Amino acid sequence: MNVLLQHLPVLPVVVPLVTGAVMLLVRERRRRTHGALAITSFTIQLAAAVVLLLLTTDTVRDVWTEGIGVYRIGGWPAPFAIVLVVDRLAAMMVMLSATLGLAAILYSVAHWDRPALPFHALLQFLAMGVNGAFLTGDLFNLYVFFEVLLAASYGLVLRGLGSQRVKTGLNYIAINLASSSLFLIGVALIYGISGTLNMADLTQKVAALEPDDRTILEAGAAVLGVAFLVKAGSWPLNFWLPRTYAIALPPVAAIFAILSKVGIYAVIRVSSLTAGDNITTTILDEILFWVGLGTLLAGIVGMLSARHLSRFIAYSVVISTGLVLGALGLGIETLIAPVLFYIGLSVVTTGTFFMLTGMAERARETIVARNAAELTAPAPFFVAYGVADPDPYGIDEEIGTAIPAAMAFLGLIFVFCVMLVAGLPPLPGFVAKFAILAAVLGSPEVAAAPAWLFASAVLLSGLATVITTSRIGIRLFWTSAARRVPRLRLLEAAPVALLLLAMFAATAAAPVVMEFLDATAASLQDPQAYVRAVLGGEP
Amino acid sequence: MELVYALATGVLTASGVWLLLRPRTFQVLLGLALLSYATNIFIFGMGRLTLHRPPVIRGDTPVDPSFYADPTPQALVLTAIVIAFATTALFLVVLLALRGLTGTDHVDGREPDA
């Protein structure tokens with residue numbers, strides 16, 4: 001038991017890695033085996049994440065000092081070897097990714113996972129990269145995990161093929177390869193001036209830097225920040241995002257909901273650890289604020305122009321990125337906890353919404369027909385390599401039982417999702433946005449102009465959401481042309497309903513959740529506990 | 001040595017960026033490759049340029065860091081090379097797929113209207 005506890009922080013990385021590797025050995029025809037393996041893996045990850053989360057809080061004492069777990073890979077002392085660090089923020093993000101992953105897997109085994117081999121294995125590697133990026137305490141290791149999750153996401157974007165997807169996938173890969181170069185340049189600059197890649201060690205080294213050297217460090221941090229912002233999908237570096245997310249298959253897009261938050265997580269983590277009390281952070285904050293505001297406005301404009309549900313959701317991802325960055329840029333301490341709540345909420349909402357598109361759009365035969373026509377078009381390349389033409393829209397031979405009143409169910413979920421995204425009462429989306437706006441407008445630290453600018457942009461985004469969803473909802477649910485009632489499978493519907501229920505549960509348990517998030521925000525404000533835990537009590 | 005090194009990095013980066021902005025997929029691929037080369041030698045340079053200094057510490061000499069090159073950037077470069085190589089290969093596959101599906105090597109998947 002002690003051994004398990006000791007190695008618990010590395011489980012969310014190792015379990016998907018091993019599962020993915022094992023899957024490569026299983027024939028791709030054996031979809032049930034793949035599905036069972038995937039579900040087992042995500043269940044273990046979720047269990048590990050829950051235990052990690054409990055360990056970081058005060059419910060379980062005396063295991064980790066100050067609620068921060070450090071896993072030294074190979075047992076080497078901290079600044080020299082790579083460490084995995086579990087603090088509240090990391091544990092929370094791992095928990096989110098595991099929850100979303102489990103839901104997406106359950107959803108996809110209904111019929112989205114044919115052929116099984118690349119899909120399930122890639123999803124495991126993606127989960128490994130995401131969890132690793134959340135847990136690692138080393139900048140270069142962060143780069144490696146980013147590459148792992150990106151490599152898996154390249155494969156997942158292309159899933160379903162068709163010239164549209166391949167074209168979008170090509171652009172997506174090019175953008176990410178270029179931004180990976182920026183990432184490396186930023187890391188190299190920081191290493192060159194501080195001599196360390198360990199984030200905790202960096203916190204100390206930054207504080208001790210000469211003023212002349214700070215310039216190079218800030219240049220490095222800025223380059224690194226640009227790389228993070230590309231991944232987070234912030235304006236003006238986000239033109240790839242709506243197209244990519246909209247064209248990906250629903251379960252893939254649902255998983256991608258967490259990817260942009262990995263970029264945001266990296267921004268939060270690195271800025272928390274390297275900040276310290278100095279004037280440069282306020283300049284960086286200001287840039288972040290304007291970038292966030294630009295992202296919000298770009299998202300609003302894009303959202304109003306969206307004609308398809310998946311496009312609309314993709315733009316809602318952009319808006320949530322803008323909201324988070326703008327809020328972080330305001331630099332108010334009381335704002336961090338509501339922002340973290342909003343991040344969690346928006347990940348789950350977006351994931352649920354993307355899953356809904358898969359079921360709702362199936363009602364429109366025209367779209368199915370269009371995709372089918374594209375898929376049956378000759379693709380000599382794949383024939384040449386002996387890859388079976390994937391048929392994601394195959395409706396026959398589904399697993400599980402059909403649920404009754406499909407349209408009513410879909411409509412209900414749709415309305416819930418819209419209310420969550422738009423932030424309408426009484427759903428948790430309202431609580432999150434209200435908390436953010438209350439903190440922004442009630443804080444004496446912020447000048448009135450940026451606060452009101454930000455608040456009106458947030459409210460405007462809610463309005464844009466309602467307008468667009470009314471239009472799309474009418475087209476999707478009320479126009480009778482070319483529509484038939486889709487046959488929903490319990491396996492598809494259950495994860496969607498469960499995710500929504502989980503969100504209501506989180507809202508019902510708001511005092512507990514907010515207490516946890518307040519503690520998280522406090523630990524981000526004061527990274528000394530993190531440094532102490534990683535460097536093992538050294539001054 | 002520093003000047004030559006810096007110039008080489010700069011030329012590689014500039015060529016890479018220029019090629020990256022070109023409309024043909026193969027040019028983009030070469031641009032990404034050049035960018036990754038530039039990044040790699042930049043990382044290497046961040047370990048300071050030194051001559052005649054081994055990166056591996058020998059047991060029979062006194063351990064004075066100034067006699068040794070910094071081994072960490074060299075290890076980082078190795079990792080970065082492998083990753084860049086793999087992702088470039090992956091990009092190549094997608095490039096060929098796009099060529100097969102659309103019959104053109106334009107990044108938009110169709111020729112611009114003349």
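Trainee: What is the mean pLDDT of chain B, and what share of its residues reach 70 or more?

Mentor: The mean pLDDT of chain B is 86, and 97% of its residues reach 70 or more. The term pLDDT denotes the predictor's confidence in each residue, from 0 to 100. This is a predicted model, in which local features need pLDDT of at least 70 and side-chain atom pairs count only at pLDDT 80 or more, while totals for chains, interfaces and linings use all residues. Residues are numbered from 1 along each chain as its sequence is written, and chains are lettered from A and ligands numbered from 1 in the order in which they are written.

Trainee: Where in chain A is confidence lowest, and where is it highest?

Mentor: In chain A, the lowest mean, 39, belongs to helix H17 (residues 380-384), and the highest, 90, to H6(A). Over residues 365-399 of chain A, pLDDT stays under 50. Where pLDDT is low, the predicted coordinates should not be read in detail. Chain A as a whole averages 79, with 84% of the residues scoring at least 70. For the model, the scores are ipTM 0.92 and pTM 0.87.

Trainee: What makes the pattern of chain B α-α-α?

Mentor: Chain B has three helices and zero strands, and reading along the sequence gives α-α-α. Helices (H or I, at least four residues) and strands (E, at least two) are DSSP runs, numbered from the N terminus. Under that definition, chain A has 23 helices and two strands.

Trainee: How do you know how the radius of gyration of chain B stands against that of a compact globule?

Mentor: Chain B has 20 Å, whereas a compact globule of 114 residues would have a radius of gyration near 13 Å. The radius is taken over C-alpha atoms, and the globule rule is 2.2 Å times the number of residues to the power 0.38. Along its principal axes, the C-alpha trace of chain B spans about 70 × 25 × 15 Å.

Trainee: Why is A:Tyr191 called buried?

Mentor: A residue is buried if 20 or more other C-beta atoms lie within 10 Å of its own, exposed if 12 or fewer, and partly exposed in between, with C-beta atoms placed from the backbone. A:Tyr191 has 22 other C-beta atoms within 10 Å, and therefore counts as buried. A:Tyr191 is found in helix H7 (residues 163-194) of chain A.

Trainee: With which residues is A:Tyr191 in contact, leaving aside its neighbours within four places in sequence?

Mentor: They are A:Leu197, B:Met46 and B:Pro73. Two residues are in contact if their C-beta atoms, placed from the backbone, lie within 7 Å.

Trainee: Why does B:Glu2 count as exposed?

Mentor: B:Glu2 has 8 C-beta neighbours inside 10 Å, so it falls in the exposed class. The place of B:Glu2 is in helix H1 of chain B.

Trainee: Why is helix H10 of chain A described as largely enclosed by the rest of the structure?

Mentor: Six of the eight residues of H10(A), residues 240-247, are buried, and this is why the helix is called largely enclosed. Among them are A:Leu241, A:Pro242 and A:Tyr245. Of the 539 residues of chain A, 56% count as buried; of the 114 residues of chain B, 28% do.

Trainee: What makes H6(A) roughly parallel to H3(B)?

Mentor: The axes of helix H6 (residues 139-157) of chain A and H3(B) come within 11 Å and cross at roughly 10 degrees. That angle makes H6(A) roughly parallel to H3(B), because angles under 35 degrees count as roughly parallel, over 145 as roughly antiparallel, 65 to 115 as roughly perpendicular and the rest as oblique. Axes are lines fitted to C-alpha atoms, for helices over the stretch in contact, and angles run from 0 to 180 degrees between N-to-C directions. The residues making this contact include A:Phe140 and A:Tyr154 of H6(A), and B:Leu76 and B:Leu90 of H3(B).

Trainee: How many residues does each chain give to the contact between them?

Mentor: Chain B gives 29 residues and chain A gives 26 residues. On the side of chain B that touches chain A, the largest share, 16 residues, comes from H3(B). That side divides into 20 nonpolar, eight polar and one charged. Here Ala, Val, Leu, Ile, Met, Phe, Trp, Tyr, Cys and Pro count as nonpolar, Asp, Glu, Lys and Arg as charged, and the others, Gly among them, as polar.
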